[in-house]
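Hi,

Here is the structure I promised to pass on.

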Amino acid sequence: MLAMGLAEEDDAQLVTAVREDRSDAAARVLFDRYAALVRRILQRTLGPAREVEDQLQETFLAFFRQLGELRSDGSARAYLVSIAIRIARSELRRRRLRRILRLTPAEELVELAGNEDPNWEARRAVSRLFAILDELDTDSRLAFALRHIEEMELTDVASALGISLATVKRRLTKVEPIVRARLAGEL
Amino acid sequence: MTNPIPSQLLEQTRTLTSGEVAADVHDASRRRLFERREQRSRFWQSPVFAGAVVVVVVVLIANASLRREPATAERAVSTEPVVVTERLSDADKVIASLRPQFRKCYQDGLSLDPNLAGKVVLGATVDPQGAVVSASVVSFEGLTPEVRECLVQVVRGAHFTGNGHSTELKIPVAFNQAR
């Protein structure tokens, strides 16, 4: 496949090109097309830290490596999202372990630039929200972030996390009052 | 959708987690990605990797030949107490008798994914004569759709001693990789 015009190819054609001839050009187009989406999923599940670039690359490396497992070439977007969530889950568990072992203090997830930053108050508020999410168990946190920050439908959250709709609802019902109360300073 | 996050904070959160970055950050990330891809590709083709594969294969073969008891799904299947709305005298006994079939479903799943694990709650409606008139998945974590459907089919084929009433059952089943 010629590189020229690749940007106009649909996902299925790009996936076939990457799978069959390990085309870097097609892989670059897929990265350009979905990097913002994957970065957004990672930021909304992990918090807006700079280190999501590492997880972003890990997601695409896994995606290119596992293209053979993709059932339908046109489902690249959903497959990328599911890999990103898997990478986010691993990262959250690593962070939790580091906190338990006290290898690092609780992460300051948003870089606070200081009072002169016009977004300072917003950054501080978002940082506090993610500090509250840090206290939830990993699976509840992911369900909460995908539902309320990413605004996924409940069925999409269930599909992305590989759990049933009933389990998603049960987890959200359990953690939503906790987050609400913590934000209101009641807990 | 009622959101437990105040709307202003929600907007700030979405703005700060939009996934959009400056073009130079995106380009640097893409460059690094393809460098890492190239490095990994070279590693897979290197003699060091080929040697490591040979060592691992030899160790696995030796381990398998020494293992007296093969790993099976038998010990990996657990069924918790069955929840019933009306008394069914033989509910636990019948469910226990389904374990080999549950195990078969799991083993079929394991053949496609060696790391497969998870749990499921199966629901069933039993008529007054003891026949299962419907079965479905109530909730689950992990497992593939094929395994879940297989488990439902097993429950549909079960038969209990009727108690003269329509009875609802909930059957929790867990699968893990314990050896």
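Let me start inside chain A: the side chains of A:Arg40 and A:Glu150 form a salt bridge, with 2.5 Å from N to O. A:Arg40 sits in helix α2 (residues 24-46) of chain A, while A:Glu150 is in the loop between α6 (138-149) and α7 (154-161), so this pair ties together parts that are 110 residues apart in sequence. Over all chains, a search of the whole structure turns up 23 salt bridges. Do keep in mind that this is a predicted model.

Now to where the two chains meet. Chain B brings 34 residues to the contact and chain A brings 46. The area buried between them comes to about 3,700 Å², and carbon and sulfur atoms give 58% of that. Three residues stand out on the chain B side: B:Pro4, B:Leu16 and B:Arg37 supply 19% of the area that chain B buries against chain A, more than any other three residues.

The rule finds five salt bridges across the interface of chain B and chain A. There is a salt bridge between the side chains of B:Arg14 and A:Glu151, at 3.3 Å from N to O.

Which elements of chain B give two or more residues to the side that touches chain A? They are α1 (7-16), α2 (23-45) and β4 (132-142) of chain B. The most comes from α2(B), with eleven residues. Sorted by class, that side of chain B has 13 nonpolar, twelve polar and nine charged residues.

Helix α5 (residues 120-134) of chain A packs against α1(B) at an angle of about 95°, and their axes are 9 Å apart. The angle falls between 65 and 115 degrees, so α5(A) and α1(B) are roughly perpendicular to each other. From α5(A), the contact uses A:Ala122, A:Arg123, A:Ala125, A:Val126, A:Leu129 and A:Phe130. B:Leu9, B:Gln12, B:Thr13 and B:Leu16 make the contact from α1(B). By class, the residues of this helix contact are seven nonpolar, two polar and one charged.

Cheers

Notes
Residues numbered from 1 in each chain as written. Chains lettered and ligands numbered in written order. Predicted model: local features only at pLDDT ≥ 70, side-chain atom pairs only at ≥ 80, totals over all residues. Heavy atoms only, no water. Contact = heavy atoms within 4.5 Å. Buried area = accessible area lost by both parts, 1.4 Å probe. Salt bridge = Lys/Arg side-chain N within 4 Å of Asp/Glu carboxyl O. Helix = DSSP H or I, 4+ residues; strand = E, 2+ residues; numbered from the N terminus. Nonpolar A, V, L, I, M, F, W, Y, C, P; charged D, E, K, R; others polar. Axes fitted to C-alpha atoms, helices over the stretch in contact; angles between N-to-C directions. Parallel < 35°, antiparallel > 145°, perpendicular 65-115°, else oblique.
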